[in-house]
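Subject: Structure handover

Hello,

Here is the structure you were going to look at. My notes on what was found in it follow below.

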Amino acid sequence: MNRVKIYTTKVCPYCNAAKNLFKKLNVDFEEINLDDDPDLRAKLSMENNGWRTVPMIFINDKFIGGFDDTNKLYKEGT
């Protein structure tokens, strides 16, 4: 089974869209809120080619990207 982690913030519509997509697909995920952890957000950005926006989605510890990237993979059947 794939392990999914979604790094989010509270007011992010794309974060909600990503969570809703995984819920629709019955895929369990771990949500990590970055609102109160700017150091973790900076670390994740540095480790992932400067990615700065949320959601930051990881599947099996591999960085996938954000909602648009994840939704594209879903539509491609990946």
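Strands S3 and S4 form a hairpin with two residues between them, and Asn-60 in this turn has a positive phi of about 50°. Helices and strands here are DSSP runs, numbered from the N terminus: helices are H or I with at least four residues, strands are E with at least two. This is a predicted model, in which local features need pLDDT of at least 70 and side-chain atom pairs count only at pLDDT 80 or more, while totals for chains, interfaces and linings use all residues. Residues are numbered from 1 along each chain as its sequence is written, and side-chain values use heavy atoms, with hydrogens and water left out.

At 32% relative accessibility, Asn-60 counts as partly exposed (buried is under 20% relative accessible area, exposed over 50%, partly exposed in between, with a 1.4 Å probe and protein chains only). Asp-61 lies in that loop between S3 and S4 too. Its phi is also positive, about 65°, although Asp-61 is not a glycine. Asp-61 is exposed, with a relative accessible area of 57%.

Next, the sheet. Strands of a sheet pair through backbone hydrogen bonds, either parallel or antiparallel. In this model an open sheet of four strands has the order S2-S1-S3-S4, with mixed pairing (two strands pair if DSSP finds at least two bridges between them). S2 (30-33) and S4 (62-65) are the edge strands with a single partner each, so one side of each has no neighbour in the sheet. From one strand to the next, the twist averages 25° (axes are lines fitted to C-alpha atoms, for helices over the stretch in contact, and angles run from 0 to 180 degrees between N-to-C directions).

S1 (residues 4-8) and S3 (residues 56-59) run antiparallel and are joined by four bridges; Ile-6 has Ile-57 in S3 as its bridge partner. S3 and S4 are also antiparallel, with three bridges, and Ile-59 is partnered by Lys-62 in S4.

Two helices lie across the strands. H2 lies across S1, S2 and S3, at about 65° to S3, and H3 lies across S3 and S4, at about 95° to S4. Contact means heavy atoms within 4.5 Å.

Which residues does Ser-45 touch, leaving out those up to four places away in sequence? They are Gly-50, Trp-51, Arg-52 and Met-56. Ser-45 is in H2 (residues 38-47) and is buried, with a relative accessible area of 12%. In the loop between H2 and S3 is Pro-55, which is joined to Val-54 by a cis peptide bond with omega about 5°.

Tyr-74 is in H3 and is partly exposed, at 34% relative accessibility. Leaving out residues up to four places away in sequence, Tyr-74 touches Leu-21, Lys-24 and Leu-25. Tyr-74 and Thr-53 are 21 residues apart in sequence and 20 Å apart in space, C-alpha to C-alpha.

Regards
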